[in-house]
Amino acid sequence: MKTYKIACIPGDGIGKEVVPAGQAVLEALGAVSRFKFDFENFGWGGDWFRAHGEMMPQDGLDALRGKDAILFGSAGDPHIPDHITLWGLRLKICQGFDQYANVRPTRILPGIDGPLKRCTPEQLDWVIVRENSEGEYSGVGGRVHQGHPIEAATDLSMMTRAGVERIMRFAFKLAQSRPRKLLTVVTKSNAQRHAMVMWDEIAVEIAKEFPDVTWDKELVDACTARMVNRPATLDTLVATNLHADILSDLAAALAGSLGIAPTGNIDPERRYPSMFEPIHGSAFDIMGKGLANPVGTFWSCVMLLEHLGEAEAAQTLMAIIEQVTADPLLHTGDLGGKATTQQVTQAVCERITGAL
Ligand code: ATP
Ligand code: MG
């Protein structure tokens, strides 16, 4: 029987609640499938920082290297500066394992009321591909004359031809695999006249490799309006690190809640493990009360299963998630309901046991 080695990193805040919930769901799936999981837990994050002065150990990546995938919760702590929590754990893994494609599916799930009242679930079915290794978040830049009147600072958006080509090719390939074969390349080349123009040129070049994919170009500002006004004209989108960061939070809100949205940080070449996580943060305001919606983590588990090649189990779990969201009695507070993390998790586990 195939055993997948999964690293679990709950991290901070509600990550400590939703990752064990995801683990329980995968365990339930493993119990009724021809594969199982071997989990290893890593207590990295804010608590680790308080004890050791760093978010994860120096040799932490080595401990993850041999895993088939990583299930991540959240990194963020009100008592530790954001740049430490972000760069010290999540980005360290993303960059250390060259997970250059960040993939964020968005759909309005059954039973969930999004803010777009005129929009049916069929009209909002997107996957946003975010460049995850360079661009605006390259960390290139500096600050001079701090505290003086002439103080200045820069954040350089660095884009390499190789980096843009690989994310563009990934996005075209993903669009090609979806029924509508439709890709929107999001840019800001009217105002950002160097790297974004190269991005546009590379899109034209890579498009030639995918003649069956219909594609168009959209400026990022216009894209936000299009997502609200004409959601059905979009399917797969590709954008830079910063642009897609913003677009995918908008997408999650349009789908009804931050608590249901998943993401995968993918190394398409499979040299290293890929990492799956809900898009929400640590949400200290609701931490430890059983109020966290675990659906974003469960959907991330669907992506994890797809990545492992377990398409059937992924489909089964997604169908069960949709049964659960369709039942208002199983909605957590963010969806206007009263259900607890534990109740939603149990409902999913019970259906898995009954379904297979
Ligand atoms: P971080 O600083 O780590 O990003 P945050 O406190 O900004 O964390 P987010 O997760 O970004 O929190 O979410 C903002 C708010 O949305 C939270 O404060 C919480 O009230 C709500 N929220 C987020 N995720 C969930 C969830 N899974 N279930 C229920 N509510 C959620
Ligand atoms: Mg946040």
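In this predicted model, 10 strands form an open sheet with mixed pairing, in the order β2-β1-β3-β12-β11-β4-β5-β10-β8-β9. β2 (35-41) and β9 (214-219) are the edge strands; each has a single partner strand, so one side of each is left without a neighbour in the sheet. From one strand to the next, the twist averages 25°.

Towards the β9 end of that order, β8 and β10 pair in the parallel sense, over three bridges. Leu183 stands opposite Thr236 in β10. Helix α6 (residues 195-207) lies across β8 and β9, and its direction is at about 160° to β8.

The sheet strands β4, β5, β8 and β10 are also among the elements that cover the buried residues of helix α8. This helix spans residues 241-254, has 14 residues, and reaches 20 Å from its first C-alpha to its last, close to the 20 Å expected at 1.5 Å a residue. Its buried residues are Asn241, His243, Ala244, Asp245, Leu247, Ser248, Ala251 and Ala252. An α-helix has 3.6 residues a turn, so residues three or four places apart point the same way. Among the buried residues of α8 are Ala244, Leu247, Ser248, Ala251 and Ala252. The elements that include their cover are tabulated here.

| Element covering buried residues of α8 | Residues |
|---|---|
| β4 | 101-107 |
| β5 | 125-131 |
| β6 | 135-144 |
| β8 | 182-187 |
| α7 | 220-229 |
| β10 | 236-239 |

After α8 comes Gly256, which has a positive phi, near 120°.

Another glycine, Gly337, is found in the loop between α10 (311-325) and α11 (341-355). Gly337 counts as partly exposed because it has 17 C-beta neighbours inside 10 Å, while a buried residue needs 20 or more. Leaving aside residues up to four places away in sequence, Gly337 touches Pro328, His331 and Thr332. Asp327 is 10 residues from Gly337 along the chain, and the C-alpha atoms of the two are separated by 10.0 Å.

As for annotation, an unreviewed UniProt entry lists residues 5-348 as "domain: Isopropylmalate dehydrogenase-like". In the model, this span is 40% helix and 22% strand, and its end C-alpha atoms lie 22 Å apart.

Key. Residues numbered from 1 in each chain as written. Chains lettered and ligands numbered in written order. Predicted model: local features only at pLDDT ≥ 70, side-chain atom pairs only at ≥ 80, totals over all residues. UniProt positions renumbered as here; feature names shortened; annotations may be inferred. Helix = DSSP H or I, 4+ residues; strand = E, 2+ residues; numbered from the N terminus. Expected span 1.5 Å × (residues − 1). Buried ≥ 20, exposed ≤ 12 C-beta atoms within 10 Å, placed from the backbone. Contact = placed C-beta atoms within 7 Å. Pairing = 2+ DSSP bridges. Axes fitted to C-alpha atoms, helices over the stretch in contact; angles between N-to-C directions.
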